[in-house]
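User: I would like to go through this model by question and answer, with each answer ending on the value or name asked for.

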Amino acid sequence: MKAVVFDFDGTLADSLLGVLAVYERAHKRDVPLTTKAVEGFRHKSVLQIGRELGIPLYKFVWLAVFGRKAFRAHIDKVRVYGGIEPMLRQLHAAGLQLYIL
C-alpha cells in the first residue's frame with residue numbers, strides 16, 4: 001500500500017458543532033445545542049439537518065457557496081477523534097501518502 005485516503009468528517013474528526021454553527025448563521029436563529037439535540041443530528045446528511053432546522057431551500061445555495069468559508073470561523077468546534085493524530089503520524093513515518101477529503 002502506497003497511499004491511504006480518509007474522509008475527514010466522521011472518520012478523523014467530529015465537526016457537527018461547527019456545521020450547526022454555520023446553519024445558525026445561514027438561518028439567523030439559534031440551533032438547539034443540547035446533547036440530545038446534537039446527537040439527533042448525527043449520521044444525517046446536510047440536507048436532512050437543514051430541513052429539520054427549517055432552513056429554506058434557497059439558503060442551501062448560500063451554504064454551498066459560502067458555507068466552507070463560514071465554517072472556518074467555527075473550526076475551534078471541530079474535535080479530532082482520540083488516537084487519530086498518532087495514527088496519521090505513524091502512517092506518514094512509514095512512507096505512505098496520506099489524502100484527506
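Predicted model: local features only at pLDDT ≥ 70, side-chain atom pairs only at ≥ 80, totals over all residues.

User: In what order do the elements of the chain run from the N terminus on?

Analyst: The chain holds five helices and four strands. Its C-alpha atoms fill a box of roughly 45 × 30 × 20 Å along the principal axes. Read from the N terminus on, the order of the elements is β-β-α-α-α-α-β-α-β.

User: Of the contacts in the chain with a separation of 6 or more, what percentage comes from residues 24 or more positions apart?

Analyst: The chain has 101 residues, of which 33% count as buried. Among contacts with a separation of 6 or more, the share from residues 24 or more positions apart is 72%.

User: Which element gives the most residues to the largest nonpolar core?

Analyst: This core has 17 residues, and those touching the most other members are Leu20, Tyr23, Phe41, Ile49 and Leu53. Two or more residues come from each of helix 1 (16-27), helix 2 and helix 4 (57-72). The top contributor, with five residues, is helix 1.

User: Which residues does Phe41 contact, leaving aside its neighbours within four places in sequence?

Analyst: Phe41 is one of the residues of the largest nonpolar core that touch the most other members. Leu20, Ile49 and Leu53 are also in that group. With neighbours within four places left aside, the contacts of Phe41 are Leu16, Leu20, Val31, Pro32, Ile49, Glu52 and Leu53.

User: Is Val38 buried or exposed?

Analyst: Val38 is placed in helix 2. Beyond its neighbours within four places in sequence, Val38 is in contact with Leu16, Leu17, Leu20 and Leu33. Its relative accessible area is 8%, so Val38 is buried.

User: What distance separates the C-alpha atoms of Glu39 and Leu16?

Analyst: Glu39 lies in helix 2. At 43% relative accessibility, Glu39 counts as partly exposed. Glu39 and Leu16 are 23 residues apart along the chain, and their C-alpha atoms are separated by 9.3 Å.

User: What is the volume of the largest pocket?

Analyst: The lining of the largest pocket consists of 25 residues, with Asp9, Ser15, Val19, Val46 and Phe71 lying nearest its centre. Strand 2, helix 1, helix 3 and helix 4 each give two or more residues to this lining. The volume of the pocket is about 790 Å³.

User: Which element supplies the largest share of the lining of the largest pocket?

Analyst: The lining residues divide into 14 nonpolar, five polar and six charged. The largest share of the lining is five residues, and it comes from helix 4.

User: Which backbone nitrogen does the side chain of Asp14 reach?

Analyst: Asp14 is in strand 2 (residues 13-14). It counts as buried because its relative accessibility is 17%, against a cut-off of under 20%. Not counting residues up to four places away in sequence, Asp14 touches Asp9, Arg42, Lys77, Val78, Arg79 and Tyr81. At 3.2 Å, its side chain reaches the backbone nitrogen of Leu16.

User: Which residues does His74 contact, leaving aside its neighbours within four places in sequence?

Analyst: His74 is in the loop between helix 4 and strand 3 (79-80). With a relative accessibility of 17%, His74 counts as buried. Apart from neighbours within four places in sequence, the contacts of His74 are Gly18, Ala21 and Val22.

User: What is the phi of His43?

Analyst: His43 is in the loop between helix 2 (35-41) and helix 3 (46-52). Its relative accessibility of 83% is why His43 counts as exposed. Most residues other than glycine have a negative phi. His43 is a residue other than glycine with a positive phi, near 65 degrees.

Definitions and conventions:
Residues numbered from 1 in each chain as written. Heavy atoms only, no water. Buried < 20%, exposed > 50% of the residue type's maximum accessible area, 1.4 Å probe, protein only. Polar contact = N/O pair within 3.5 Å; in protein donor to acceptor, adjacent residues only side chain to side chain. Contact = heavy atoms within 4.5 Å. Core = buried A, V, L, I, M, F, W, Y, C linked by side-chain atoms within 4.5 Å. 1 Å grid on protein atoms, 1.4 Å probe; cavity = no way out; pocket = protein on both sides within 12 Å on 5 of 7 lines; lining within 4 Å. Points joined across faces, edges and corners; volume = space filled by probe spheres on them. Nonpolar A, V, L, I, M, F, W, Y, C, P; charged D, E, K, R; others polar.
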